[in-house]
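Me: Could you take a close look at the charged side chains here and who they pair with? I'd like the whole story in one go, with anything else that ties in.

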Amino acid sequence: MRLVLVGPPGAGKGTQAQFLAAHFSIPHIATGDIFRANLKAGTELGNQAREFMDRGELVPDSITNNMVASRLEEPDALNGFLLDGWPRNVAQAEVLRAMMIEKKTPLNAVLEFSLADEEIIARLSSRRTCRDCGAPSVGVDKCPTCGGEVYQREDDKAEVIARRLEVYAEQTAPIISFYRNEGLLISVSASGSVEDITASAISALSRVAQ
Ligand code: AMP
């Protein structure tokens with residue numbers, strides 16, 4: 001299964017991605033997580049990405065696309081993958097299409113999680129993230145997954161959330177029509193319980209050829 005997840009920040013893509021990746025036995029490739037791991041490790045890539053991430057802007061395509069291209073060459077991604085957070089603009093979607101044509105491995109589906117702006121803002125502003133494992137949580141002092149310290153991501157602060165939503169509307173939302181035109185788009189509501197959303201996503205994806 002070669003799958004792309006699209007949806008506004010805070011729609012729960014990361015949480016759903018983990019369940020879907022396990023269900024389909026494919027690696028979960030999240031560009032935001034790769035950037036954050038690089039920031040934490042103080043790598044050159046992390047330093048290049050930091051200023052864009054802290055402002056809620058997209059990291060330039062020249063940096064992001066190379067990072068994903070090398071990740072997709074790793075052995076675990078050769079038979080399928082779940083991309084979470086890339087492509088995030090039409091130029092990136094074109095790069096992915098060209099890659100898949102070259103490898104003769106077309107995408108199976110693009111799953112869109114939709115959520116109203118008010119719910120996005122409420123979720124993001126109360127979200128905390130684990131410094132150790134990256135899991136999201138709400139209203140707790142320690143990470144419920146691993147017990148690590150939780151913090152508020154710089155880009156989950158109110159002023160940056162507003163910018164991320166603008167960036168989503170201007171740059172990312174156009175890829176939804178792009179994939180609808182390609183006949184690949186499946187839309188699922190991201191409102192409701194985590195379990196119900198996972199069940200709707202799996203049911204919608206079970207109708208897709210693999
Ligand atoms: P996320 O965890 O997916 O919300 O990503 C956090 C931040 O990483 C974004 O706000 C961007 O600054 C950067 N980022 C993640 N994916 C991409 C991408 N596909 N293109 C450009 N920047 C990205």
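**Charged pairs and the ligand site**

Reply: Let's start with Arg163, which counts as partly exposed because its relative accessibility is 23% (buried is under 20%, exposed is over 50%, and partly exposed is in between, using a 1.4 Å probe and protein chains only). Before going on, a word on the basis: this is a predicted model, where local features need pLDDT of at least 70 and side-chain atom pairs count only at pLDDT 80 or more, while totals for chains, interfaces and linings use all residues. Residues are numbered from 1 along each chain as its sequence is written, and side-chain values use heavy atoms, with hydrogens and water left out.

Arg163 pairs with Glu166 in a salt bridge, 2.5 Å from N to O (the cut-off is a side-chain nitrogen of Lys or Arg within 4 Å of a carboxyl oxygen of Asp or Glu). Both residues sit in helix α7 (residues 158-172), three residues apart, about one turn of the helix; helices are DSSP runs of H or I with at least four residues, strands are E runs with at least two, and both are numbered from the N terminus. Glu166 is partly exposed too, because its relative accessibility is 40%.

By that rule, the count comes to 16 salt bridges. Side chains of opposite charge can pair when their charged atoms come close. Take Asp76 and Arg71, whose closest N and O atoms are 2.8 Å apart. Here Asp76 is partly exposed at 41% relative accessibility, whereas Arg71 is buried at 16%.

Now for a pair with both partners inside. Asp156 and Arg164 meet in a salt bridge at 2.8 Å, N to O. Asp156 is at 0% relative accessibility, so it counts as buried, and Arg164 is buried as well, at 10%. These two also belong to a network of salt bridges that links Arg127, Arg153, Asp155, Asp156 and Arg164.

Arg164 takes us to the ligand. An N or O atom in the Arg164 side chain is 3.3 Å from a ligand oxygen, a polar contact (a pair of N or O atoms within 3.5 Å). The protein covers 94% of the 480 Å² of accessible area that the ligand has on its own, with areas from the Shrake-Rupley method and a 1.4 Å probe. A nitrogen of the ligand is 3.0 Å from an N or O atom in the side chain of Gln92, and a ligand nitrogen is also 3.0 Å from a polar backbone atom of Val59.

Most residues other than glycine have a negative phi. Lys104 sits in the loop between α5 and β4 (109-114) and is exposed, at 71% relative accessibility.

Note on methods
Polar contact = N/O pair within 3.5 Å; in protein donor to acceptor, adjacent residues only side chain to side chain.
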